[in-house]
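Work through the exercises below with the sequence and the model open. Each task is followed by a solution in steps.

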Amino acid sequence: DDHHYCEEGGTAQFDYEVGCDEHKWHTVHTVEKALYYMTMVILFTFLMELIITMWALKPRVFFRQFFYVLDLFIIVTSITLELVF
C-alpha cells in the first residue's frame, strides 16, 4: 500500500482508508490552511481594533457600551473556537 496519511510516522491500522490522504486531497488541505490563516488574521485585526478602542476610551467607558462588549465577546469566542476546533 503506497498511501501516506496525515499522521506523521503513523500507519493505518485498518482494512479500509481512514484519515486523509495527502496525495489525493492536497489542494483541499492547502485551501483549508489558507482560509484558516486568513480567518485568524481578520479576527486578530478586529481584536486589535477593539483593544485600541478600549485603550483610547479607557476600560470604564468601553465596558459601558453594549455593542463594544458584544463585539469583544463575539471576536474572543470566534478566536477560541478556531484555536480549539
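## Aromatic rings and their exposure

In this predicted model, Phe63 has a relative accessible area of 45% and is partly exposed.

**Exercise 1.** Locate Phe63 and state which aromatic cluster and which surface patch include Phe63.

*Solution.*
- Step 1: Phe63 sits in the loop that links helix 2 (59–62) to helix 3 (66–84).
- Step 2: Phe63 forms one aromatic cluster together with Phe62 and Tyr68.
- Step 3: Phe63 also contributes to a nonpolar surface patch of about 370 Å², along with Leu57, Val61, Tyr68 and Val69.

**Exercise 2.** Classify the ring pair Tyr36 and Tyr37 as stacked, tilted or edge-to-face.

*Solution.*
- Step 1: A pair of aromatic rings is described by the distance of the centres and the angle of the planes.
- Step 2: The ring count gives 4 aromatic pairs. In the pair Tyr36 and Tyr37, the centres are 5.4 Å apart and the planes make an angle of 70°.
- Step 3: Planes over 60 degrees apart count as edge-to-face, so Tyr36 and Tyr37 are an edge-to-face pair.
- Step 4: Tyr36 is partly exposed at 29% relative accessible area, and Tyr37 is exposed at 53%.

**Exercise 3.** Classify the pair Phe62 and Tyr68, then decide whether each residue is buried, partly exposed or exposed.

*Solution.*
- Step 1: The ring centres of Phe62 and Tyr68 are 5.1 Å apart, with 5° between the planes.
- Step 2: The angle is under 30 degrees, so the pair is stacked.
- Step 3: Phe62 has 0% relative accessibility; the cut-off for buried is under 20%, so Phe62 is buried.
- Step 4: Tyr68, at 31%, is partly exposed.

Key. Residues numbered from 1 in each chain as written. Predicted model: local features only at pLDDT ≥ 70, side-chain atom pairs only at ≥ 80, totals over all residues. Heavy atoms only, no water. Phe/Tyr/Trp six-rings, centres within 6.5 Å; stacked < 30°, edge-to-face > 60°. Buried < 20%, exposed > 50% of the residue type's maximum accessible area, 1.4 Å probe, protein only. Patch = residues over 30% accessible without salt bridge, like charges linked within 9 Å, V, L, I, M, F, W, Y side chains within 5 Å. Areas by Shrake-Rupley, 256 points an atom, 1.4 Å probe, with all protein chains shown as cover. Salt bridge = Lys/Arg side-chain N within 4 Å of Asp/Glu carboxyl O. Helix = DSSP H or I, 4+ residues; strand = E, 2+ residues; numbered from the N terminus.
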